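I opened the notebook today to look up a sheet, some helix contacts and a few single residues. The entries follow the order in which I looked.

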Amino acid sequence: MADIDVETVLKGKYPAKAHAKRVVEYIQSKVPDATGVLFLEGRSDHLLEDSDEPVPFRQRRPFMYLTGVDMPDCAFTYDIETSTSTLYIPPVDPESVIWTGLPLSIEEALAKYDVDAVLPTTELNPMLAKLGAASAKSTVFAIAERVANSVTFLEFGNKDFALLAEAIDECRVVKDEYEVALIRKANVISGVAHKAVLESVREAGNEHELEGVFIGKCMRQGAKKQAYPSILASGRAAATLHYVHNDKDLAGKDLLLIDAGAEWSTYASDITRTFPISGRFTEQSRAIYEIVLEMQNKCIDMLKEGVWWDDVHVRAHEIAIDGLLSLGILKGDRKEILEARTSTAFLPHGLGHYLGMDTHDTGGHPNYSDPDPLFKYLRVRRNLPAGSVITVEPGIYFCEFIIRPFLKDPKHSKYIDENVLNNYWDVGGVRIEDNILITKDGFVNLTDAVKDPDEMEKIILGS
């Protein structure tokens, strides 16, 4: 998989029928005699409020998973008994053609997508009536609040609006070769864009200039959509985890943190890099960077099928504590500091999350009500299966809003040397994030954006 030929794999069709079969297997593991129909609607086109401009289209992810179709106003049925998938597409509307051109034809859709049949949406209700009447035991599996009022399930003896969403969420965790190729493609494009930002940073005056460099480079490679709103945080702003203003001047600041990733055919990349705006790390920022890089490298080395993600997350905190002890920011006993959860002042978020069609992908089973602050924000709480893709994104942050209360709490303040800490506020924050495919015996890093500190300095300085 490390040498996956992305372009060759992506010449094939998105494996929608294989996904449908996997979802049915999951449903039948919960309801052994389940029969009937899977039903999904794609998202419809809508206009912005008080405007005749369209809302940017984003396909419903469950629909995309079972069809591979990224266009609006479609529907889908899958007959469990016959393993037959049918895509329903809008018929030609002459008035719309004037403005937007001819839509995909039935013949073109059948050739493009991995389905058994394509029909106009005018045939949807008659087909549902036929499928529902085929057996008194038939169940229609749909997703609650994602069924249009015009759709009717009258002929079905049973209706289940819960299990289908659960089944798709769980099945999405393990990616097949095609999905991995999509994520790898998004990573390659994003890696080129990240390098372009490195090459541009010394000439830039504001965060938004570099956001433009990143997005422009992605678009020039054919990636018109970003997987999520980019974060470009300079100086102390890098201590804000989801900083999205991207509008501050760069002058006089040490580091820039960029968390940005392109999307390719609805599949995401999610990459973070942190580097010196001037081209040279300061003593303090280099020290923090090397701790975070060690955290990431050692945590990635732990990864393989069956690893419990909690354990990897704890390892990140242990390395962070060791590093901050070596700098004198923390003081005292390593084990006591971990048990007191003092390290969450500097690493308040989880180590990573599943990645796929969503940046924060499904199936992680987080527990945000966990009273333990070390695990409260951990988005994955399970053993990692082979075929899953997870981000590994450790960080160390100097956020006064978070750390000041720790300094006032005797439970934590005894482990923090405020005098040493005061030398690090301007570092802001350092995060390094890669996208990792879990395999039976190890891992494959799908991210190739530069993160070696010496190499980053050379690129920035043009040397």
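This is a predicted model: local features need pLDDT of at least 70, side-chain atom pairs count only at pLDDT 80 or more; totals for chains, interfaces and linings use all residues.

**Entry 1**

For His365 I found 45% relative accessibility, so it counts as partly exposed, given that the class lies between the buried limit of 20% and the exposed limit of 50%.

I then turned to Ser265, which sits in the loop between strand 9 (263–264) and strand 10 (267–268). Ser265 is not a glycine either, and its phi is positive at about 50°. With a relative accessibility of 42%, Ser265 counts as partly exposed.

I followed an open sheet of 6 strands, whose order is 4-3-2-1-5-6 and whose pairing is mixed. At its edges I found strand 4 (117–120) and strand 6 (158–160), each of which pairs on one side only. From one strand to the next, the twist averages 20°.

Looking at the end of the order that holds strand 4, I saw that strand 3 and strand 4 run parallel and are joined by 4 bridges. Among the residues of these strands, Ile89 has Pro120 in strand 4 as its bridge partner.

I next asked which helices lie against this sheet. Helix 6 (residues 124–133) packs on it and touches strand 1 (36–41), strand 2 (75–79), strand 3 and strand 4, with a direction that makes about 20° with that of strand 2. Helix 7 (residues 163–171) also packs on the sheet, touching strand 1, strand 5 (139–141) and strand 6, and its direction makes about 75° with that of strand 1.

**Entry 1: a serine in strand 3**

Apart from neighbours within four places in sequence, Ser85 is in contact with Lys17, Phe76, Thr77, Tyr78, Asp114, Val115, Asp116 and Ala117.

**Entry 2: helix 8 and its two partners**

I looked up helix 8 (residues 177–200) against helix 16 (residues 453–461), and the axes come within 6 Å and cross at roughly 60°. The two helices are therefore oblique to each other, and helix 8 passes helix 16 in a right-handed crossing. On the side of helix 8 the contact involves Lys195, Leu198 and Glu199, which meet Met456, Ile459 and Ile460 in helix 16. Sorting these residues by class, I have 4 nonpolar, no polar and 2 charged.

Against helix 9 (residues 207–220), helix 8 packs at an angle of about 145°, with the axes 8 Å apart. This crossing is right-handed as well. Helix 8 contributes Ile189, Ser190, Val192, Ala193, His194, Ala196, Val197 and Ser200, while helix 9 contributes Leu210, Val213, Phe214, Lys217 and Cys218.

Note on methods. Residues are numbered from 1 along each chain as its sequence is written. Side-chain values use heavy atoms; hydrogens and water are left out. Axes are lines fitted to C-alpha atoms, for helices over the stretch in contact, and angles run from 0 to 180 degrees between N-to-C directions. Angles under 35 degrees count as roughly parallel, over 145 as roughly antiparallel, 65 to 115 as roughly perpendicular and the rest as oblique. A crossing is left-handed if the near helix is turned anticlockwise from the far one by less than a right angle, and right-handed if clockwise. Contact means heavy atoms within 4.5 Å. Ala, Val, Leu, Ile, Met, Phe, Trp, Tyr, Cys and Pro count as nonpolar, Asp, Glu, Lys and Arg as charged, and the others, Gly among them, as polar. Buried means under 20% relative accessible area, exposed over 50%, partly exposed in between (1.4 Å probe, protein chains only). Two strands pair if DSSP finds at least two bridges between them.
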